[in-house]
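I opened my notebook and the model side by side. These entries record what I looked up, in order.

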Amino acid sequence: MTSHIGFPFAVDEAGGIAQAPDDDQHLHGRIIQVLFTRPGERVNQPDFGCGLFDLVFDPNNMIMAAAVEFTIGQALTRWLGDELVVDAVDVGTDGDAATVELAYIRRRDLTRRAVRVTFR
């Protein structure tokens, strides 16, 4: 079994670097990193991420939802396409809150997984 650095980065009880408990948690952490990293934020990978938080200040309507769905799907396919297949991205709006629901298939064993993120 391969061990991976946990996300978010943490120190374990022994003073070492905390490991991700399993492959699902590791992939979940990588998805969150792609979603929340703004392109240009990483010096050595300026194209990395999708800039989800940049869209927070856009109007909360169907056009914004479609743009977010497309942006997320493209970014995850580009950066994690060797580990997952994006099955569906749904963006719902409720007043000032937006919810992103991502359904994906893990390539290694073809299991379906989902991630839900709500932000205001």
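**Entry 1: the order of elements.** I read along the sequence and wrote down the pattern α-α-β-β-β. That makes two helices and three strands in the chain. I noted that this is a predicted model.

**Entry 2: the whole chain.** I looked up totals next. The chain has 120 residues, and 33% of them count as buried. Its accessible surface comes to about 7,600 Å². Carbon and sulfur atoms hold 53% of that surface. I also checked contacts between residues at least 6 apart in sequence. Of these, 31% join residues at least 24 apart.

**Entry 3: helix 1.** I tested the length of helix 1. With 14 residues at 1.5 Å a residue, helix 1 should span 20 Å. I found its end C-alpha atoms 20 Å apart, so the two values agree. Then I asked which residues of helix 1 are buried. I listed His26, Leu27, Gly29, Ile31, Ile32, Val34 and Leu35. Their cover includes helix 2, strand 1, strand 2 and strand 3.

**Entry 4: helix 2.** I ran the same kind of check on helix 2, residues 62-80. Its 19 residues should span 27 Å at 1.5 Å a residue. The end C-alpha atoms are 26 Å apart, which agrees. The buried residues here are Met64, Ala65, Val68, Ile72, Gly73, Ala75, Leu76 and Leu80. I traced what they pack against: helix 1 (23-36), strand 1 (84-94) and strand 2 (97-106).

**Entry 5: a threonine in helix 2.** I picked Thr77, which lies in helix 2. Is Thr77 buried, exposed or partly exposed? Its relative accessible area is 49%, so I wrote down partly exposed. Exposed would need over 50%. I then looked at its side chain. A polar atom there lies 2.8 Å from the backbone oxygen of Gly73. Gly73 is itself on my list of buried residues in helix 2.

**Entry 6: a threonine in a loop.** Next I went to Thr37, in the loop between helix 1 and helix 2. Is Thr37 buried or exposed? Its relative accessibility is 8%, so Thr37 counts as buried. The cut-off for buried is under 20%. Which residues does Thr37 touch, beyond those up to four places away in sequence? I noted Arg42, Phe48, Gly49, Cys50 and Gly51. The side chain of Thr37 also has a polar atom 2.5 Å from the backbone oxygen of Gln33.

**Entry 7: strand 1 and strand 2.** I moved on to the strands. Strand 1 and strand 2 pair in the antiparallel sense, over 10 bridges. I followed one of them: Val85 has Ile105 in strand 2 as its bridge partner. The two strands form a hairpin with two residues between them. In that turn, Gly95 has a positive phi of about 65°.

**Entry 8: strand 2 and strand 3.** Strand 2 also pairs with strand 3, residues 111-119. This pairing is antiparallel too, and I wrote down nine bridges. Arg106 has Thr111 in strand 3 as its bridge partner. I found Tyr104 opposite Arg113 in strand 3. Here the hairpin leaves four residues between the strands. Leu110 in the turn has a positive phi of about 60°. I also checked how covered strand 2 is. Eight of its 10 residues are buried.

Technical notes. Residues are numbered from 1 along each chain as its sequence is written. This is a predicted model: local features need pLDDT of at least 70, side-chain atom pairs count only at pLDDT 80 or more; totals for chains, interfaces and linings use all residues. Side-chain values use heavy atoms; hydrogens and water are left out. The expected span of a helix is 1.5 Å times one less than its number of residues. Buried means under 20% relative accessible area, exposed over 50%, partly exposed in between (1.4 Å probe, protein chains only). Contact means heavy atoms within 4.5 Å. A polar contact is a pair of N or O atoms within 3.5 Å; within protein, one must be able to donate a hydrogen and the other to accept it, and residues adjacent in sequence count only if both atoms are side-chain atoms. Accessible areas come from the Shrake-Rupley method with a 1.4 Å probe; for residues, only the protein chains shown count as cover. Two strands pair if DSSP finds at least two bridges between them.
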